[in-house]
Amino acid sequence: MDEKQLKRAMQLIAIAGNARSEVVRAMQSADEEKFDEADELLAKAKKDLHDAHNIQTQWMSAEMGGEVVEKSLLLIHSQDHFIAADIMMTVATEHLAQAKKIKALEAKLNA
């Protein structure tokens with residue numbers, strides 16, 4: 001793997017890893033009914049996932065443009081990090097929505 005591709009892979013791993021961590025913290029915040037904090041963490045994760053997607057898109061565009069992209073375990077690993085974070089974002093968004101609904105229902109029951 002050449003230096004350029006190594007850099008892309010490491011950036012993708014780091015950025016997607018940050019997004020995944022933010023998503024996990026957002027779900028924990030939702031469980032603690034800290035909804036503003038959870039929303040903020042999901043917004044940060046969404047930005048990170050957008051940045052990761054841009055790296056992935058640049059990589060694919062380069063390959064489509066004729067750049068040789070070595071298929072390596074590091075490339076696969078970086079893609080795994082990205083897709084895992086993306087899936088977790090979907091789950092966390094739903095988790096937060098459900099936590100807010102539960103809180104609203106509890107408030108109605110206790111009113």
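Glu33 counts as partly exposed, because its relative accessibility is 39%; that class lies between buried, under 20% relative accessible area, and exposed, over 50%, with a 1.4 Å probe and protein chains only. This is a predicted model, in which local features need pLDDT of at least 70 and side-chain atom pairs count only at pLDDT 80 or more, while totals for chains, interfaces and linings use all residues. Residues are numbered from 1 along each chain as its sequence is written, and side-chain values use heavy atoms, with hydrogens and water left out.

The partner of Glu33 is Lys103, in a salt bridge whose closest N and O atoms are 3.0 Å apart. Lys103 lies in helix H3 and Glu33 in the loop between H1 and H2, so the pair ties together parts 70 residues apart in sequence. Helices here are DSSP runs (H or I, at least four residues), numbered from the N terminus. A salt bridge requires a side-chain nitrogen of Lys or Arg within 4 Å of a carboxyl oxygen of Asp or Glu.

The structure holds seven salt bridges. Among them, Lys4 and Glu67 meet at 3.5 Å, N to O. Lys4 belongs to helix H1 and Glu67 to the loop between helix H2 (35–64) and helix H3 (73–109), 63 residues apart. Lys4, Arg8 and Glu67 are linked in a network of salt bridges.

I turn now to Ala19. Ala19 sits in helix H1 (residues 3–31) and counts as buried, because its relative accessibility is 0%. Beyond neighbours within four places in sequence, Ala19 is in contact (heavy atoms within 4.5 Å) with Ala45, Asp48, Leu49 and Ala85.

Terms used
Helices (H or I, at least four residues) and strands (E, at least two) are DSSP runs, numbered from the N terminus.
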